[in-house]
Amino acid sequence: MANAPALPSDRTRALILFALAMGGFAIGTSEFAMMGLMPSLVREFGVDEPAVGHLISSYAVGVVVGAPLLAILGARLPRRRLLLALMGFYALGNLATALAPNYGAMMVARFVAGLPHGAYFGVAMLVAASISPPAQRGAAMSRVLLGLSIAILVGNPLATWFGQQLSWRWTFALVAVIAMLTVALVARLLAPDPAEATQSPMRELRAFNTAQVWYALLIGAIGFAGMFCVFSYLAPTLIEVTRVSERWIPIGLAAFGVGAILGNLAGGWLVDRLQFRAVAVVMGWSLLVLLLFPLATGAVWSILPAIVAVGTMGALAPVLQKRLMDVAGDAQTLAAASNHAAFNTANALGPWLGGMAIGAGLGWTATGYVGAVTAAAGLGIYVMARRDERRQRANVAAAC
């Protein structure tokens, strides 16, 4: 029997995870900076706020399209080479954003920038798991996602300030620089793996089409929508319901970032100990948090801890990423990338459902209750997945 490939030293592994997280930081900063830079873009292009919102949607569509497409096209490439190509692509997309001469070009540039988002995270997760001991793989993946959480806490406020002081264009140019630094670090630190098995696009597609893969993706697309439902309408909730000034909005966003970091760390810890059962813990916690959120919006002292709690729902990301690795078989790259497509579907579904509730006159706090419904639906999908898994095991045992 061939010996398993040697893992890198603890120091080298930590540096590789840092490099991968830096790529996540670049992606998170670029994805969410548009919200803080909205007034600057309105003035630059002479459009209204909903039009700038379409730029955000264009990026999300790019993620949903690019995640499975680039994963399939890059299936034959070694993961190291694919990582370098994806982050280089991301640098170019953000450079194009920084240089966009008009609104139409900006729309195209944001779509292009979103294309490598999901595939990068998917491949980065697989690399993080492959260089880590089995009992630490969930924690390793959560460290990669930590870059995204730190971007929410630190990168986006800094990007907004940077854009206000100079120009919004410099924000995306800086993201391009960070992306190229990620390329340099990954190329320097991550050694090629000669034992890595090559993948076939058709084999990935066949292995991808299994019930357990789709259950995991549905949990992410529906169960995660509640977090985005509340987060998208956080600013008007603070102003209209909590009755605070606009200067509290960055503080509220920072509170969400703190929760996102805590959630990522907790998710990695939970999945290493509970495996798929961690989904039930996270979805149950999410349901409780979202039901209590509307009751906490009346005062600053109560809404800020509630916002932190909503941010901790991000624990679902590493949990589902690990689950997909376990059930995807030969579709590892495609399934891992599709996880981020599912989360961007939630990013579209949550605000849409929340907007419908607000438009129907239910008030800003209705986002919590709408989100609770999606969390309950996610929990229901988890129960269905567990029943299907038990039935499959029983059939295998009976056949033996």
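In the predicted model, one aromatic cluster is formed by F45, Y103, W168 and F172. A search of the whole structure finds 8 aromatic pairs. Among them is the pair of F45 and Y103, which is edge-to-face, with 6.4 Å centre to centre and 75° between the planes. F45 belongs to helix α2 (residues 38-45) and Y103 to helix α5 (residues 103-130), so the pair ties together parts that are 58 residues apart in sequence. The two residues fall into separate accessibility classes: F45 is buried, at a relative accessible area of 16%, whereas Y103, at 22%, is partly exposed.

A further aromatic pair, F224 and F343, is tilted, with the ring centres 4.5 Å apart and an angle of 50° between the planes. This pair links distant parts of the chain, 119 residues apart: F224 is located in the loop between α9 (211-223) and α10 (225-232), and F343 in helix α16 (residues 332-359). F224 is buried, with a relative accessible area of 5%; F343 is likewise buried, with a value of 7%.

An aromatic ring is also involved in a contact with a charged side chain: R323 lies over the face of F276, at 3.8 Å from the ring centre.

Turning to helix α13 (residues 278-292), this element contains L292. L292 counts as partly exposed because its relative accessibility is 47%, a value between the limits of 20% and 50%. In sequence, L292 and Y369 are separated by 77 residues, while in space their C-alpha atoms are 8.7 Å apart.

Notes:
Residues numbered from 1 in each chain as written. Predicted model: local features only at pLDDT ≥ 70, side-chain atom pairs only at ≥ 80, totals over all residues. Heavy atoms only, no water. Helix = DSSP H or I, 4+ residues; strand = E, 2+ residues; numbered from the N terminus. Buried < 20%, exposed > 50% of the residue type's maximum accessible area, 1.4 Å probe, protein only. Phe/Tyr/Trp six-rings, centres within 6.5 Å; stacked < 30°, edge-to-face > 60°. Lys NZ or Arg CZ within 6 Å of the ring centre and 35° of its normal.
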